[in-house]
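Thanks for coming. I have one structure to go through today, and I will take it a piece at a time. Please have a look at it before I start.

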Amino acid sequence: MKKQTKKQSLKNVPPWNAKRHINQSVRDMPPSGIRKFFDLVNEMKGAISLGVGEPDFVTPWHVREACIYSLELGNTHYTSNKGMPDLREAICQETKRDMGLEYDPSEEILITTGVSEGVDLAFRATLNPGEEAVVPEPCYVAYIPDIILAGGVPRTVPTHLENEFRVQREDIAPAVTGKTRSLLLSYPNNPTGAIMTRSDLEDLADVVMENDLIVISDEVYGELSYNRDHTSFAQLEGMKERTIILSGLSKSHAMTGWRIGYALGDPALIGAMTKIHQYTMLCAPTMAQVAALEAMEAGKEEMLQMRHEYNLRRRLFVSGLNRIGMDCFEPKGAFYAFPSIEGFGLSSEEFAERLLHEQKVAVVPGNVFGESGEGFLRCSYATSREELIEALDRMETFIKSL
C-alpha cells in the first residue's frame with residue numbers, strides 16, 4: 001500500500017470556516033439593540049441622541065485630578081483582587097450610613113469592573129447548568145445573555161404599565177419552579193424608570209423565602225430616586241444574607257468610562273464571585289479605583305447637584321411627552337422615560353427607525369428590553385434641557401406627520 005502524501009491526506013479537510021468554532025450560545029445571541037441606534041446616530045450630523053444611558057456630565061475635576069496625581073506618583077500596579085482596601089472601607093461605611101446595612105470590607109465586598117461585570121459574576125457564581133433565574137421584563141439588555149452564558153435558563157416575567165412596571169408577587173410566583181435559584185431585581189429600573197417601594201419588596205420576600213432563592217439586586221441607579229429614598233431588598237428583615245447588592249458610580253457620579261462597580265453580600269457568595277474575577281479580570285483598574293475613592297469621600301455634593309438637574313429634566317421631558325400625545329407615566333428613578341406609542345400604528349422598531357431618519361432623534365425601541373416592552377420607547381433624559389426641548393419639537397412634528 002502506497003503511503004499518502006501530506007497533500008493527499010489533507011484533501012478531504014473541509015474549507016476553513018471560523019463560525020464553526022464559535023460557541024453555540026454566543027452564535028445565537030443577538031447584538032445589543034441599544035448599540036445599534038447608538039452607532040447610527042454617531043454617523044448622522046445634527047442628530048439628538050436620547051438613546052444611550054449615560055450622563056452628559058463630565059466626571060468632576062477633583063475626581064479626575066485624584067487619578068492624575070496617582071498616576072504621577074506611579075501607582076500603576078495591581079491592587080488586591082477584591083479591590084483597594086480604602087475603597088472597600090469607604091463603600092461599606094456609606095452603605096451603613098445610608099442603608100443601615102453592615103458589611104465586612106475584608107470579606108463581604110468585591111470591587112468589579114463596572115456593574116456589568118458584577119451581574120456576570122453573580123450569575124456565573126450561583127447558577128449550575130440548567131438552573132433558572134427569574135427576570136422581570138422590560139429589563140436591561142445584558143441580563144438574559146449573562147444567564148445564558150452562565151449555563152442557566154432565564155425565566156422572564158412581564159411587568160405592566162398599570163402597575164407602573166413594578167414587579168408583583170403574582171408575576172413572580174408562577175414563574176418559580178424546582179430549578180429556580182435566583183431572582184433578579186433592577187430598581188430604579190432601566191428602561192422604565194420604575195421604582196419598588198418597601199411594601200412592594202416585602203410582598204416578594206415570602207416567595208424568596210419559600211423557594212430558598214438568592215436575590216441579585218442591581219441598584220446602580222439607587223442614588224437617582226426622586227420622590228423618596230431608595231429601598232434595597234437587602235434592608236428587609238432576613239434578606240441581607242440572601243441578597244447580592246450590585247452597584248457602582250457610573251450613573252450617580254458621571255463615571256461610566258471608569259468602569260467601577262461593586263458587589264456586597266454573604267462572604268460565601270462574594271468569595272465565589274471573587275474566584276471568577278481572579279481568573280478573568282484580576283482586579284479593577286487601579287487608577288479608576290483611586291478616582292472612585294475620591295468620589296466616595298468628596299463627591300456627594302456634585303452627585304446631589306446632578307440628581308437635581310436630572311429631576312428638572314425629568315419633569316420637563318415627561319410633561320412634554322404627554323403634551324404632544326405620547327402617554328407617559330411618571331418615572332420615579334434612573335434617567336429614562338418610557339412613553340407608550342400604541343396609538344400610532346407602528347411597532348416600537350418602526351417608530352424608532354422612522355423618528356431617527358425623518359427627524360434625527362434617536363430613541364431605543366422598547367422591544368429591545370423584552371416582549372413586554374413592545375409598544376414603548378426608552379428615552380434617556382440625561383442630556384441638556386435645550387436638547388430635550390428640541391427633541392420634543394421634532395417628535396411632535398413626526399407624530400403629526402403620521
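Helix α5 supplies five residues to the lining of the second largest pocket, the largest share of that lining. Before I go further, note that this is a predicted model. The second largest pocket has a volume of about 490 Å³. It is lined by 26 residues, and the closest to its centre are Asp98, Met99, Gly222, Glu223 and His230.

Which elements each supply at least two residues of this lining? They are α5, at 85–99, then β7, at 243–248, β8, at 261–264, and α12, at 300–323. By kind, the lining of the second largest pocket divides into 10 nonpolar, eight polar and eight charged residues.

On to the backbone. Most residues other than glycine have a negative phi, and most peptide bonds are trans. With that in mind, here are two peptide bonds and two phi values to look at.

The peptide bond joining glutamate 137 and proline 138 is cis, with omega at about 0°. Proline 138 sits in the loop between β3 (132–137) and α7 (143–149). A cis peptide bond also runs from tyrosine 187 to proline 188, and there omega is near -5°. You will find proline 188 in the loop between β5 (180–186) and α9 (198–210).

Now the phi values. Phenylalanine 165 is not a glycine, yet its phi is positive, near 60°. This residue belongs to the loop between β4 (153–158) and α8 (169–172). Is phenylalanine 165 buried or exposed? Buried means under 20% relative accessible area, and phenylalanine 165 has 1%, so it counts as buried.

Arginine 259 is not a glycine either, and its phi is positive too, at about 55°. With a relative accessibility of 30%, arginine 259 counts as partly exposed.

Last, the surface. Which residues form a nonpolar patch there? They are Ile22, Val26 and Leu149, and together they have about 230 Å² of accessible area. Valine 26 is part of helix α2, which covers residues 24–28. Its relative accessible area is 41%, so valine 26 is partly exposed. Leu149, also in the patch, falls within the range of α7, 143–149.

That is what I had. Questions, please.

Terms used: Residues numbered from 1 in each chain as written. Predicted model: local features only at pLDDT ≥ 70, side-chain atom pairs only at ≥ 80, totals over all residues. Heavy atoms only, no water. Patch = residues over 30% accessible without salt bridge, like charges linked within 9 Å, V, L, I, M, F, W, Y side chains within 5 Å. Areas by Shrake-Rupley, 256 points an atom, 1.4 Å probe, with all protein chains shown as cover. Salt bridge = Lys/Arg side-chain N within 4 Å of Asp/Glu carboxyl O. Helix = DSSP H or I, 4+ residues; strand = E, 2+ residues; numbered from the N terminus. Buried < 20%, exposed > 50% of the residue type's maximum accessible area, 1.4 Å probe, protein only. 1 Å grid on protein atoms, 1.4 Å probe; cavity = no way out; pocket = protein on both sides within 12 Å on 5 of 7 lines; lining within 4 Å. Points joined across faces, edges and corners; volume = space filled by probe spheres on them. Nonpolar A, V, L, I, M, F, W, Y, C, P; charged D, E, K, R; others polar.
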